[in-house]
Amino acid sequence: MSDLFCDPDGKLSNTSLPLLLTAVDNRRPFTLTAKVTPGFTPEGTYNAANPMLYASPVLWQKLCFEQDERGRHRIVSMRTDSTSDDCNHERLDVTSVYLKIASDGHTVGSYYSADGKTYEMVRVYKNVYPDHLYAGIASQCPVKGHCLSLFEELTLSQEQIGDFRMGS
């Protein structure tokens with residue numbers, strides 16, 4: 001069981017998630033995109049595939065295609081600055097989805113797409129991360145069993161998106 005979550009009350013905190021990360025220069029634009037297929041299972045509450053940004057154990061963001069408490073598959077975004085917020089978004093009846101995190105050095109945007117062409121905004125916020133940052137992926141299984149996720153079409157570019165509301 002592995003997760004990266006810093007519960008506001010400290011009861012459910014878990015920072016055991018293995019991460020695959022690479023350094024990025026946060027002073028320059030970058031875009032991380034992946035087609036993800038999480039290892040959803042009937043007992044796999046919160047199983048998810050996650051592109052993410054990571055600065056430290058208490059400063060990071062993950063964008064998830066996650067299985068919720070009712071077994072539904074949702075887009076979930078989480079930002080952590082000492083404690084984690086946890087925001088459930090759209091429910092999707094698909095097995096794979098494209099996820100994107102983009103920054104121009106000042107703003108960070110998170111997006112999802114069913115087809116890899118038309119993206120929907122999940123959240124946009126001020127880039128508070130340090131100049132030297134890590135971008136990467138993870139597959140979480142915080143409750144029971146395991147989660148083997150497939151990451152395809154994984155790209156990390158120094159391209160800036162043109163429209164933070166549209167994700168393109």
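E159 is placed in the segment that follows strand 14, where strands (E, at least two residues) and helices (H or I, at least four) are DSSP runs numbered from the N terminus. At 55% relative accessibility, E159 counts as exposed; the term exposed denotes over 50% relative accessible area, buried under 20%, and partly exposed the range in between, with a 1.4 Å probe and protein chains only. E159 and D104 are separated by 55 residues in sequence, yet their C-alpha atoms are 8.6 Å apart in space.

The model is predicted, and local features need pLDDT of at least 70, side-chain atom pairs count only at pLDDT 80 or more, and totals for chains, interfaces and linings use all residues. Residues are numbered from 1 along each chain as its sequence is written, and side-chain values use heavy atoms, with hydrogens and water left out.

The protein chain as a whole contains 14 strands and zero helices. Its C-alpha trace spans about 40 × 35 × 25 Å along the principal axes. For 168 residues, a compact globule would have a radius of gyration near 15 Å, and the protein chain agrees with that expectation at 15 Å. This radius is taken over C-alpha atoms, and the globule rule is 2.2 Å times the number of residues to the power 0.38. Of the 168 residues, 50% count as buried.

Five of these strands form an open sheet in the order 12-11-10-4-14, with antiparallel pairing; two strands are taken to pair if DSSP finds at least two bridges between them. Strand 12 (120–126) and strand 14 (150–157) stand at the edges with a single partner strand each, so one side of each has no neighbour in the sheet. From one strand to the next, the twist averages 10°, an angle between N-to-C directions on a scale from 0 to 180 degrees, with axes fitted as lines to C-alpha atoms. In a regular strand, side chains alternate between the two faces of the sheet.

Strand 11 (residues 107–113) pairs with strand 12 in the antiparallel sense over six bridges. Within this pairing, Y111 has M121 as its bridge partner, and G109 stands opposite V124. The two strands form a hairpin with six residues between them, and G116 in the turn has a positive phi of about 80°. Six of the seven residues of strand 11 are buried, so this strand is largely enclosed by the rest of the structure.

On to the next pairing: strand 10 (residues 97–103) and strand 11 are likewise joined in the antiparallel sense, over six bridges.

Which aromatic rings pair with one another? A search of the whole structure finds two aromatic pairs, where rings of Phe, Tyr and Trp (its six-membered ring) pair if their centres lie within 6.5 Å, and planes under 30 degrees apart count as stacked, over 60 as edge-to-face and the rest as tilted. F40 and F65 form an edge-to-face pair, 5.3 Å centre to centre with 80° between the planes. This pair links distant parts of the chain, since F40 lies in the loop between strand 4 and strand 5 (48–56) and F65 lies in strand 6, 25 residues apart. F65 counts as buried at 0% relative accessibility. The rings of Y125 and Y129 have centres 6.4 Å apart and planes at 75°, so this pair is edge-to-face. Y125 is buried at 8% relative accessibility, and Y129 is buried with a relative accessible area of 7%.

Charged side chains also meet aromatic rings. R79 lies over the face of Y125, 3.6 Å from the ring centre; a charge sits over a ring if NZ of Lys or CZ of Arg is within 6 Å of the ring centre and within 35 degrees of the ring normal. The charged end of K100 sits over the ring of Y119, at 3.9 Å from its centre.

Another lysine, K62, is found in strand 6 (residues 59–67). K62 counts as buried at 1% relative accessibility. A polar contact of 2.6 Å joins the side chains of K62 and Q140; such a contact is a pair of N or O atoms within 3.5 Å, and within protein one must be able to donate a hydrogen and the other to accept it, while residues adjacent in sequence count only if both atoms are side-chain atoms.
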